[in-house]
Amino acid sequence: MAAPAELFCWEGSWGLPSVDPDCLVVLAYAQFAGAPLKLKKISNPWRSPSGSLPALRTNQKETLSRPSDIIIYLRKQKYNADFDLSAKEGADSLAFISLMEEKLRPALIYTFWIETKNYVDVTRRWYAEHMPFPLNFFVPGRMQHGQLEKLRLLRGNESLEAGEELEKELYRDAAECMNLLSQRLGSHKFFFGDSPSSLDAYVFGHLAPILKSKLPNGKLQQHLKSLENLTNFCTNILLLYFPRDGRESSSQKTSSQPEGGDFDHVPNKRRKQFLSALVALGAMLSYALLTGMVSIQHVQQEALEAPPDLQTIGSHEEEEGDG
């Protein structure tokens with residue numbers, strides 16, 4: 001039997017299996033469909049085969065990064081969470097996913113990456129504390145720039161500037177999208193019948209970070225919490241499919257609210273920085289080699305980095321750990 005495909009995702013926090021919405025979509029779908037993937041949770045995107053996260057490396061050594069492409073691949077491997085959907089339900093699912101990409105995703109990007117206090121106090125802090133030195137000094141800023149470009153692309157506005165008017169418009173669209181999702185879900189456990197589908201994975205991936213993070217500007221979270229069925233929907237998926245993350249959240253301090261600044265606990269931090277410096281430099285060299293920035297006859301990338309732990313997802317009992 002062929003070895004399972006490898007899935008690379010951002011690490012988890014806030015009681016979630018990952019902090020990244022796209023990673024959450026893929027993780028949830030894989031659980032719903034029972035796909036036996038080898039999971040690598042990492043905090044350095046340069047250790048991903050695509051240089052971004054999520055990334056699925058198939059048995060044919062093909063690399064997929066978009067959640068939709070990963071889901072299509074899993075369906076072709078007979079792991080299909082939408083198998084029982086009717087034609088109308090399939091069309092409704094695609095319509096709601098498109099609606100979220102248009103109305104909810106821009107507000108999600110703005111909330112975590114553009115709104116100044118949220119970005120400084122939560123987003124940048126989390127990535128700075130979890131990335132190895134020296135990547136933690138410059139990669140979060142590059143990621144923010146990439147998210148701003150993504151927001152401009154989604155909005156079709158090259159000169160898009162952050163401000164009160166933009167925030168109001170984005171949050172209004174997001175609230176409208178949440179209301180429509182709430183109406184569609186109603187009193188049901190999942191959006192279509194008794195089993196979760198790809199739509200459930202997308203809704204969970206978009207809403208769970210809003211629900212579980214501790215943001216200074218929590219306008220989106222306030223509206224989500226007013227929609228009790230959507231709040232219960234996210235909580236139930238966490239309990240059913242990611243119980244370990246919920247237990248760890250209840251027994252540990254939320255990492256988005258640590259006391260002190262970005263680089264507290266200096267002795268431990270500095271020790272980690274020195275120990276990870278060689279790994280980080282190796283990762284940067286690997287990235288340069290892979291992208292053609294540096295040309296050397298042949299370098300074993302695996303020799304430059306310690307591989308994260310491999311674990312399997314695809315059943316409720318087998319839970320993933322930090323890589």
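Q: Before we start, what do "buried" and "exposed" mean here?
A: Buried means under 20% relative accessible area, exposed means over 50%, and partly exposed lies in between, with a 1.4 Å probe and protein chains only. As for the source, this is a predicted model, so local features need pLDDT of at least 70 and side-chain atom pairs count only at pLDDT 80 or more, while totals for chains, interfaces and linings use all residues. Residues are numbered from 1 along each chain as its sequence is written, and side-chain values use heavy atoms, leaving out hydrogens and water.

Q: OK, D82 then. Buried or exposed?
A: D82 counts as buried, at 13% relative accessibility.

Q: Where is D82 in the fold?
A: D82 sits in the loop between α2 (67–76) and α3. Helices here are DSSP runs of H or I with at least four residues, strands are runs of E with at least two, and both are numbered from the N terminus.

Q: And what does the D82 side chain make a polar contact with?
A: With the side chain of S198, at 2.6 Å. A polar contact is a pair of N or O atoms within 3.5 Å; within protein, one must be able to donate a hydrogen and the other to accept it, and residues adjacent in sequence count only if both atoms are side-chain atoms.

Q: Which residues does D82 touch?
A: Leaving aside residues up to four places away in sequence, D82 touches Y29, R75, S197 and S198. Contact means heavy atoms within 4.5 Å.

Q: Switching to aromatics. How many aromatic pairs are there?
A: The structure holds 11. Rings of Phe, Tyr and Trp (its six-membered ring) pair if their centres lie within 6.5 Å; planes under 30 degrees apart count as stacked, over 60 as edge-to-face and the rest as tilted.
A: One of the 11 pairs is W113 with Y127, which is tilted, at 5.4 Å centre to centre and 35 degrees between the planes. That pair links distant parts of the chain, with W113 in helix α3 (residues 87–114) and Y127 in helix α4, 14 residues apart.

Q: Are those two buried or exposed?
A: W113 is buried at 8% relative accessibility, and Y127 is buried at 6%.
A: Then there's F191 with F233, an edge-to-face pair at 5.4 Å centre to centre and 80 degrees between the planes. F191 is in the loop between α6 (164–185) and α7 (198–212), and F233 is in helix α9 (residues 228–241), 42 residues apart. Both F191 and F233 are buried.

Q: Which residues do ring pairs link into a cluster?
A: W10, W113, Y119, W126 and Y127.

Q: Now the backbone. What joins L53 and P54?
A: A cis peptide bond, with omega about 0 degrees. P54 lies in the loop between β2 (37–42) and β3 (55–57).
A: The bond from F133 to P134 is cis too, with omega near 5 degrees, and P134 is in the loop between α4 (116–130) and α5 (135–155).

Q: Why point those out?
A: Because most peptide bonds are trans, and most residues other than glycine have a negative phi.
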